[in-house]
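I opened the model to look up a few local details. My notes follow in the order I took them.

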Amino acid sequence: MDLQLGKELDEFRHMVRAAVAEDLPAEMRARQRAFGGLQSENLDSLTWAAILARRGWSVPHWPVEYGGQDWTPLQKFVFEDELSSAWAPDVNWGGTHMVGPVIYTFGTQAQKDRFLPDIREGKCFWAQGFSEPGNGSDLANLRTGAVLQGDRYIVNGQKIWTSGAHDAAWGFFLVRTDPTVKAQRGISFLLIDLKSPGITIRQIPEINGEADLCEIFLDNVEVPVGNLVGEPGMGWTYAKFLLDHERTTSSFIFWNKRELRRTRAIAQAETLDGVPLAQLPQFQSRLIRLEAEVAALEWSVLRVLETEEFTHNLTAVASTLKVSGSRLQQAITELQVDLYGALSMRSFPIELAHQRPTPLWPTNIAGRTATALGIRAATIFGGTLQIQRGIIAKLAFGL
Ligand SMILES: Cc1cc2nc3c(=O)[nH]c(=O)nc-3n(C[C@H](O)[C@H](O)[C@H](O)COP(=O)(O)OP(=O)(O)OC[C@H]3O[C@@H](n4cnc5c(N)ncnc54)[C@H](O)[C@@H]3O)c2cc1C
């Protein structure tokens, strides 16, 4: 089902499409297409942001004074849709969508001058140091401590599941600066140079053959007091602002649309006794159902974008989109694996598929099993689905 958004947005879409076709390097596109997993190569994310920055498009959602674009929510929607459809890599979300908005909203002028240009121009990868062993859902009880000594904080503790930390230059961290007050009131928001003495970063091997998730150990790490964002004890408020900032991205709508297109193509290309799998009832019904569900999700996202400023309970809305989006991510990638059947097992890990091509292997199978395995994590990252359902129950239904 193709969405009609009107003539002006169509023109805008064509303008973006032409620019992306001109700017997106072919090898970067090929990498994203071949892998197309949970996230992009970290280096590609930075390079692509630098390319977008030449047109002023790397942070269109920021206020114009900091380098954003004065686009409507629907224009931003179309922009991201086009980037995803063209197999452009994601930019470094931690920088552009998380810490960037926190810095321009709550940071000092010195912090804005120092960090915002580098984020905008893809010069520096940022990691999000929130979760700790035992304190993921229960984030408010985090234990990594920061003690003020003169003009620096001394930080001790451990973070875990920090995406991309091994490639990151900086991290934004939640740390406990006051253990004597209510849990949420004692948390502060610190920007930490990940090359600081006392920091050890270890990658964690993942089921899909990657190792993008990391553990970070902080042992008497000295952080200048000028790297504290806003007020001490306000970290929880800034973290909520950060997590609420992009309400519709939790749906992964562009990812879902793109992967569904890929699924449809696989179902057309793969055959059983000469019949495309897309025509067999057992696959046809699954495809049709997913098409309807992705279309419904897209309409929901658009409705939220149209009515955001009038809508109460936006947090519950974001949770609803996350539950639907994650479920679809898993259903779509599981269907890809099922369409390839037993061959899926032989395409794992991704390197094997590249190294030992055989006529028996369909083109484009590389990475499908790895992606389906990696996307199991969609029920956990960004707040588990049980936690999201708890939020919906409480905020939407008052339970
Ligand atoms: C791919 C991936 C990337 C990530 N990237 C980052 C990152 O960059 N930075 C970062 O800081 N963190 C990151 N995380 C961590 C993520 O935010 C946490 O894993 C998540 O919040 C869950 O916390 P936990 O792992 O401690 O699990 P737990 O909180 O221990 O949960 C375990 C189980 O108990 C359930 N549960 C817990 N509490 C409740 C409750 N109150 N009600 C009902 N059920 C409950 C959960 O739903 C889950 O099923 C990432 C995680 C993944 C998988």
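I counted a polar contact as a pair of N or O atoms within 3.5 Å. The model is a predicted one.

I started with W161. A backbone N or O atom of W161 is 2.9 Å from a nitrogen atom of the ligand. I then checked the oxygen atoms of the ligand. One of them sits 2.5 Å from a side-chain N or O atom of S137, and a polar backbone atom of G136 is 3.2 Å from an oxygen atom of the ligand. How much of the ligand does the protein bury? I noted 63% of the 970 Å² that the ligand exposes when taken alone.

**The shell.** Next I listed the elements that give two or more residues to the shell around the ligand, and found β3 and α14 (385-396). The largest share comes from β3, which gives three residues. I have 15 residues around the ligand in total, with Q128, S137, W161, T384 and Q386 as the closest. Sorted by class, I get eight polar residues, seven nonpolar ones and no charged ones.

**Hairpin.** I followed β3 (residues 152-163) to its partner β2 (residues 145-149); the two strands pair in the antiparallel sense over five bridges. I picked out G145, whose bridge partner in β3 is N156. Two residues separate the strands of this hairpin, and G150 has a positive phi near 65° there.

W87 is not a glycine, yet I read a positive phi of about 65° for W87. I located W87 in the loop between α4 and α5 (93-106). With 24% relative accessibility, F252 goes down as partly exposed.

**S84.** My last entry is on helix α4 (residues 73-85), which holds S84. At 11% relative accessibility I count S84 as buried. What does the side chain of S84 reach? I found the backbone oxygen of F254, at 3.3 Å.

Definitions and conventions:
Residues numbered from 1 in each chain as written. Predicted model: local features only at pLDDT ≥ 70, side-chain atom pairs only at ≥ 80, totals over all residues. Heavy atoms only, no water. Pairing = 2+ DSSP bridges. Helix = DSSP H or I, 4+ residues; strand = E, 2+ residues; numbered from the N terminus. Near = heavy atom within 4 Å. Polar contact = N/O pair within 3.5 Å; in protein donor to acceptor, adjacent residues only side chain to side chain. Areas by Shrake-Rupley, 256 points an atom, 1.4 Å probe, with all protein chains shown as cover. Nonpolar A, V, L, I, M, F, W, Y, C, P; charged D, E, K, R; others polar. Buried < 20%, exposed > 50% of the residue type's maximum accessible area, 1.4 Å probe, protein only.
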